[in-house]
Amino acid sequence: QVQLVESGGGLVQPGGSLRLSCAASRSVFRITAMGWYRQAPGEERELVATITSSGYTNYADSVKGRFTISRDYAKNTVDLQMNSLKPEDTAVYYCKANQLRGLYEYDYWGQGTQVTVSS
């Protein structure tokens, strides 16, 4: 199974920046899409940004123009550069990877990293 480990969360003031990183290890063959999701207290988990194996990216409307997702295919890592952070970006951020095995695609999640935007 794929193991995902996130890093880079923390406390930042509004308007500041943070960079999240996620490294995949163990069974990393045939990982297709990777991405970031977030979950605020009392809210459902939502998509932030994803990137496919061919480099196609998708962003939530709320983060377009502020966040950038990137991927290192050789190192099996995915990063999320977050600029112009707002208090409403406060959430636990989760890394996700999709893996194709046979006819099926499996989802794997990291343990999450807290991002708090507050003055």
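Is Tyr 94 buried or exposed? Buried: its relative accessibility is 13%. Buried here means under 20% relative accessible area, exposed means over 50%, and partly exposed lies in between, with a 1.4 Å probe and protein chains only.

Some ground rules. This is a predicted model, where local features need pLDDT of at least 70, side-chain atom pairs count only at pLDDT 80 or more, and totals for chains, interfaces and linings use all residues. Residues are numbered from 1 along each chain as its sequence is written, and side-chain values use heavy atoms, with hydrogens and water left out.

Back to the rings. Rings of Phe, Tyr and Trp (its six-membered ring) pair if their centres lie within 6.5 Å; planes under 30 degrees apart are stacked, over 60 edge-to-face, the rest tilted. The structure has two aromatic pairs. Take Tyr 37 with Trp 109: 5.1 Å between centres, 70° between planes, edge-to-face. Tyr 37 sits in strand β4 and Trp 109 in strand β10 (residues 104–109), so this pair ties together parts 72 residues apart in sequence. Strands are DSSP runs of E, at least two residues, numbered from the N terminus. Tyr 37 is buried at 15% relative accessible area. Trp 109 is partly exposed, at 34%. Now Tyr 94 with Trp 109: the centres are 6.5 Å apart and the planes stand at 85°, so that pair is edge-to-face. Tyr 94 belongs to strand β9 and Trp 109 to β10, 15 residues apart. Tyr 37, Tyr 94 and Trp 109 make one aromatic cluster.

Next, charges over rings. The criterion is NZ of Lys or CZ of Arg within 6 Å of the ring centre and within 35 degrees of the ring normal. Arg 45 lies over the face of Tyr 94, 3.7 Å from the ring centre. Arg 101 places its charged end over the ring of Tyr 106, 4.0 Å from the centre.

Now the sulfurs. How many disulfides does a search of the whole structure find? One. The cut-off is a pair of cysteine sulfur atoms within 2.5 Å. Cys 22 and Cys 95 form it, with sulfurs 2.1 Å apart. The link is left-handed, with -80° about the S-S bond. Cys 22 is buried at 1% relative accessible area. Cys 95 is buried too, at 0%.

On to the core. A nonpolar core is a set of buried Ala, Val, Leu, Ile, Met, Phe, Trp, Tyr and Cys residues joined through side-chain atoms within 4.5 Å. The largest one has 29 residues, and Leu 4, Trp 36, Leu 80, Met 82 and Tyr 93 touch the most other members. Strands supplying at least two residues each include β1 (2–7), β5 (46–51) and β8 (77–82).

Look at Leu 4. Not counting residues up to four places away in sequence, Leu 4 touches Cys 22, Cys 95, Met 34 and Trp 109, among others. Contact means heavy atoms within 4.5 Å.

Last, strand β1. Its covered face holds Val 2, Leu 4 and Glu 6; its uncovered face holds Gln 3, Val 5 and Ser 7. Side chains in a regular strand alternate between the two sheet faces. β1 and β3 run antiparallel, joined by six bridges. Pairing requires at least two DSSP bridges between strands. Gln 3 has Ser 25 of β3 as its bridge partner.

How values were computed. Helices (H or I, at least four residues) and strands (E, at least two) are DSSP runs, numbered from the N terminus.
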